[in-house]
Amino acid sequence: MLRPLLLVLLCSSTIWVSSVTAAVTYDSKAIVVNGKRRILLSGSIHYPRSTPEMWPDLIQKAKDGGLDVIQTYVFWNGHEPSPGQYYFEDRYDLVKFVKLVQQAGLYVNLRIGPYVCAEWNFGGFPVWLKYVPGISFRTDNGPFKAAMQKFTEKIVNMMKQEKLFEPQGGPIILSQIENELDPVEYDIGAPAKAYGQWAGKMAVALNTGVPWIMCKQEDAPDPVINTCNAFYCENFRPNKSYKPKMWTEAWSGWFTAFGSPVPYRPAEDLAFGIARFIQNGGSYANYYMYHGGTNFGRTAGGPFVATSYDYDAPLDEYGLTNEPKYSHLKQMHKAIKQSETALVSADATVRSLGKNQEAHVYSSKWGCAAFLANYDVNYAVKVKFGNGQYDLPAWSISILPDCKTEVYNTAKVRVITGFSSKSAQEDDVCGWIYMELIHR
């Protein structure tokens with residue numbers, strides 16, 4: 001009589017526990033979501049730099065491009081144009097944007113700041129803030145910390161009320177406090193360092209159930225994770241060995257300035273940077289930007305920053321795919337995902353394949369993945385690995401999700417693009433272009 005009852009109680013307990021969403025955590029390998037380490041591929045899309053009508057399409061294209069996460073700043077001056085007067089409508093409808101990301105099945109990295117830089121007017125600070133008596137920005141200053149904390153709590157509480165943090169069943173798995181504070185700490189010294197420590201601890205105390213990050217801040221206080229922003233981050237290391245290696249801004253290009261050339265970063269080089277970061281133990285990489293969009297009105301900040309914020313991103317200013325960058329990265333994302341189990345379950349074994357070539361091998365009982373790299377900027381090479389021979393163009397990395405088959409190389413660009421014309425539509429004819437560019 002007791003044994004069946006005990007089994008029922010145990011089964012009931014198991015069902016109840018599995019229905020509760022655990023907090024997002026991390027270890028030295030990766031961010032852990034629902035008990036699983038994840039290799040997370042992310043892209044920045046700033047909601048005020050596009051229209052609400054564009055958001056579903058932008059998010060879906062990001063998902064189709066192989067992303068797991070949408071990253072966005074929160075723009076204080078757009079949300080609180082006057083003290084205590086808040087605005088969360090139209091292009092500033094943050095809740096709607098986050099919910100659309102969730103509906104698409106993606107996660108969110110919410111960079112609250114509230115200083116964002118972002119080539120945005122006044123770095124995202126509302127103009128009224130500078131007239132607060134006795135205020136001094138981004139340092140150990142009472143009036144500034146009070147205003148900054150009030151807005152941060154406003155955003156966190158709004159997300160909690162809408163149940164948008166992952167432990168509540170929402171999509172937000174990461175939050176950011178402050179933004180690139182290292183240069184300020186270098187200039188100001190102890191007061192800025194004290195402010196940075198305060199900001200990190202204040203954020204953690206808000207109990208969101210997800211990790212907080214601080215980009216470009218080597219002294220980020222535990223348990224906050226410090227992260228990298230740069231064109232290349234393969235050699236970056238977090239300030240503690242038990243934190244994961246994260247890249248919050250992999251610059252897909254650069255912002256456009258009046259009187260300057262339009263920036264361009266080759267798809268091959270951007271892919272090389274991401275693949276090299278992952279092969280060196282990185283587990284979170286975010287494209288800044290994935291869709292740059294437009295600086296509407298007078299939102300552009302900094303000298304000569306243009307209205308266009310295209311950024312040579314995978315999705316251009318108008319939300320169209322920027323080829324071959326979009327498709328080339330999509331193929332890389334697929335190859336990385338095929339390697340995910342091996343990447344999160346083992347440490348890399350690095351072996352030389354030549355003067356400027358090496359292999360990073362992740363092997364465990366759960367799988368094997370290899371990255372074959374050629375760092376020579378001028379010459380292609382043939383390398384032997386395992387029982388095979390592989391062609392590596394200059395400045396490239398090949399991904400072998402099973403340690404045998406090359407499914408992707410960062411310098412070999414293959415893009416399939418569909419097109420149609422009025423006459424083609426009338427005749428119900430579909431045409432395809434197959435374009436293959438192999439750079440050696």
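1. Lys 382 is exposed, with a relative accessibility of 57% (exposed means over 50% relative accessible area, buried under 20%, and partly exposed in between, with a 1.4 Å probe and protein chains only). Its salt-bridge partner is Asp 391, with 2.5 Å between the closest N and O atoms. Asp 391 is partly exposed, at a relative accessible area of 28%.

2. On the source: this is a predicted model, in which local features need pLDDT of at least 70 and side-chain atom pairs count only at pLDDT 80 or more, while totals for chains, interfaces and linings use all residues. Residues are numbered from 1 along each chain as its sequence is written, and side-chain values use heavy atoms, with hydrogens and water left out.

3. The whole structure holds 19 salt bridges (a side-chain nitrogen of Lys or Arg within 4 Å of a carboxyl oxygen of Asp or Glu). One of them joins Asp 68 and Arg 38, at 3.5 Å from N to O. Asp 68 sits in the loop between α2 (55-64) and β5 (69-73) and Arg 38 in strand β3 (residues 36-38), so the bridge ties together parts that are 30 residues apart in sequence. Helices (H or I, at least four residues) and strands (E, at least two) are DSSP runs, numbered from the N terminus.

4. Asp 68 is buried, at 11% relative accessible area, and Arg 38 is buried at 17%.

5. Glu 406 and Lys 412 also form a salt bridge, their closest N and O atoms lying 3.2 Å apart. Glu 406 is partly exposed at 26%, whereas Lys 412 is buried at 9%. Elsewhere, salt bridges with shared partners link Arg 38, Asp 68, Lys 337 and Glu 340 into one network.
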